[in-house]
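Reader: I am new to this, and I would like to learn how the words for a structure follow from the numbers. Please take me through one.

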Amino acid sequence: MREMFAADPNRFDKFSLRLEGLLFDYSKNLITEKTLALLIDLAHQSNLKDWIERQFNGEKINASEGRAVLHTALRSPRDHSVQADGKNIIPDVHRVLDHIRRYTAAVHSGAASGYTGKKIRHIVNIGIGGSALGPLMACEALKPYGSADLSAHFVSNVDASDIAETLKKLDPETTLFIISSKTFTTQETITNARTARAWLIGCLGSEEAVAKHFAAVSTNLTETSKFGINPENVFEFWDWVGGRYSLWSAIGLPIALYIGMENFERLLAGAHAMDEHFRHAPLEKNMPVILGLLGIWYGNFFGIGSYAILPYDQYLQRFPAYLQQLEMESNGKRVDRAGHEVDYDTHFTVWGEPGTNGQHSFYQLIHQGTRMVPADFLAPLASHNPIGEHHAMLLSNCFAQTEALMLGKTGAEARTELTAQGLSGNALETLLPYKIFPGNRPSNTLLFEKLDPYTLGMLVALYEQKIFVQSVVWNINAFDQWGVEFGKQLANKLLPELRGKETVTSHDSSTNNLINLYRNRRNVS
């Protein structure tokens, strides 16, 4: 790559794209103009443009579940039309957004108060998977826009420690719980919801308090009513919204409550801007397409198994975890759309940590490890907290890392450096191999003015559509998750055995002994 940059002073201009305030620099990749042209040809041969239109037009491209994939409709303006089963769904989308708007205003004004009349000060989202990671990531990312009068909390793990530690921080008179479960039967979510309900009733002394302190995002009005939730505080979403693509829907209620409806609408608008770019820009000038094809290039032609997400913004600290689910649950598939087992890799392990913390953790592997790890660096040009030289120092590290990964350090350069430090002879020769960096380590850089709701919407939609691009080329369904269901089935079978008193012998010897060890411990205690 250092030779490519030396030979072409316009390399950055050729291999970078801009969309409004977002810059995508992909010049530090192991590509030439011919490489990119061939990758674009691959996209055309995969009928990518056709698949993009099929997604936006509401065709049931999630074939294994017989569903359309229309999270893009959730951020479409009110005057648009998107068809699903012959019906324009945009009025329904905006009916729910209006519901969220009214409820958010009522909570902020105090009109929707707690059982004792006190204003809501704490929001607790109880969900799991996409019903937790999306809202958590967004609330953390947009903390500078959060209400000074509200704090947002998230409970997802069925481990009692998660909800127990959260409840310790709360005042029951000023706490609102949001239960996010489409069916209102998700085991982890409903277990945590019942614990929260019992805690609230125990503190406030009446089951009538539940209606004032609980809302739900669900389609199961029967169960939410049995739970004690006021039907007016139940928010709808649809089967064409996948869990990991759902923060734009009523699942985003905690985001709207925390940052306000106007900012939530800016989040939607940013995502819509990226959707429009994805749908209409030529493939060779299309951010999600190029980002997705670069992943194909490294995954299938270099055999790379993982890549890193490295945000140089502390507010994006949960972004790598969010993308872990978005990418690995979407494209971690072993059969194609026809149900045939594939003989090529279809996914990556996604991981990361904010800079500069990661530099003192795993960057050693990225620079000098035996396996290439492509990386995406994300950074704002301006900080929400402009204190002294902090931000300049942060960006100097970000830019230096991408340059160092690309350039590396040759043996000759390392020798010159060590000589300048006064080393010579055996001491120099002994240390020399450790100071050599191979370089040619690829990275993308995404720069934006400041992390605001609009920009976050653009970034999330960019990665959503990038994942879709890869699924099209790999000929897999990015929108089902049968592997998640299998583990749940076994857990439901094991739970009664853990509660029982009889010795379990129906599983393999390892599982039998693990169950019996817990069962014996429980019976003794």
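Author: Let's begin with T349: leaving aside neighbours within four places in sequence, T349 is in contact with G305, S306, Y307 and M328. Contact here means heavy atoms within 4.5 Å. This is a predicted model, in which local features need pLDDT of at least 70 and side-chain atom pairs count only at pLDDT 80 or more, while totals for chains, interfaces and linings use all residues. Residues are numbered from 1 along each chain as its sequence is written, and side-chain values use heavy atoms, with hydrogens and water left out.

Reader: How far apart are the C-alpha atoms of T349 and S306?

Author: They are separated by 4.4 Å, although the two residues are 43 residues apart along the chain. T349 is found in strand β11 (residues 349-352), and S306 lies in strand β10 (residues 306-311). A strand is a DSSP run of E of at least two residues, a helix is a run of H or I of at least four, and both are numbered from the N terminus.

Reader: Is S306 buried or exposed, and how do you know?

Author: Buried means under 20% relative accessible area, exposed means over 50%, and partly exposed is in between (1.4 Å probe, protein chains only). S306 has 17%, so S306 is buried. T349 has 39%, so T349 is partly exposed.

Reader: What makes the link between the side chains of S306 and W351 a polar contact?

Author: A polar contact is a pair of N or O atoms within 3.5 Å; within protein, one must be able to donate a hydrogen and the other to accept it, and residues adjacent in sequence count only if both atoms are side-chain atoms. The S306 and W351 side chains meet at 3.2 Å, and this is a polar contact.

Reader: How many aromatic pairs does the structure hold?

Author: There are 23 aromatic pairs. One of them is Y312 with F377, at 5.9 Å centre to centre and 25° between the planes. Rings of Phe, Tyr and Trp (its six-membered ring) pair if their centres lie within 6.5 Å; planes under 30 degrees apart count as stacked, over 60 as edge-to-face and the rest as tilted. The Y312 and F377 pair is therefore stacked.

Reader: What does the pair of Y312 and F377 tie together?

Author: Y312 lies in the loop between β10 and α14 (319-331) and F377 in strand β12 (residues 375-380), so the pair ties together parts that are 65 residues apart in sequence. At 0% relative accessibility, Y312 is buried, and F377 is also at 0% and buried.

Reader: Why is the pair of F362 and Y363 called tilted?

Author: Their centres are 5.5 Å apart and their planes make 40°.

Reader: What makes R337 a charge over the ring of W51?

Author: A charge sits over a ring if NZ of Lys or CZ of Arg is within 6 Å of the ring centre and within 35 degrees of the ring normal. R337 lies over the face of W51 at 3.7 Å from the ring centre. The charged end of R11 likewise sits over the ring of F5, 5.3 Å from its centre.
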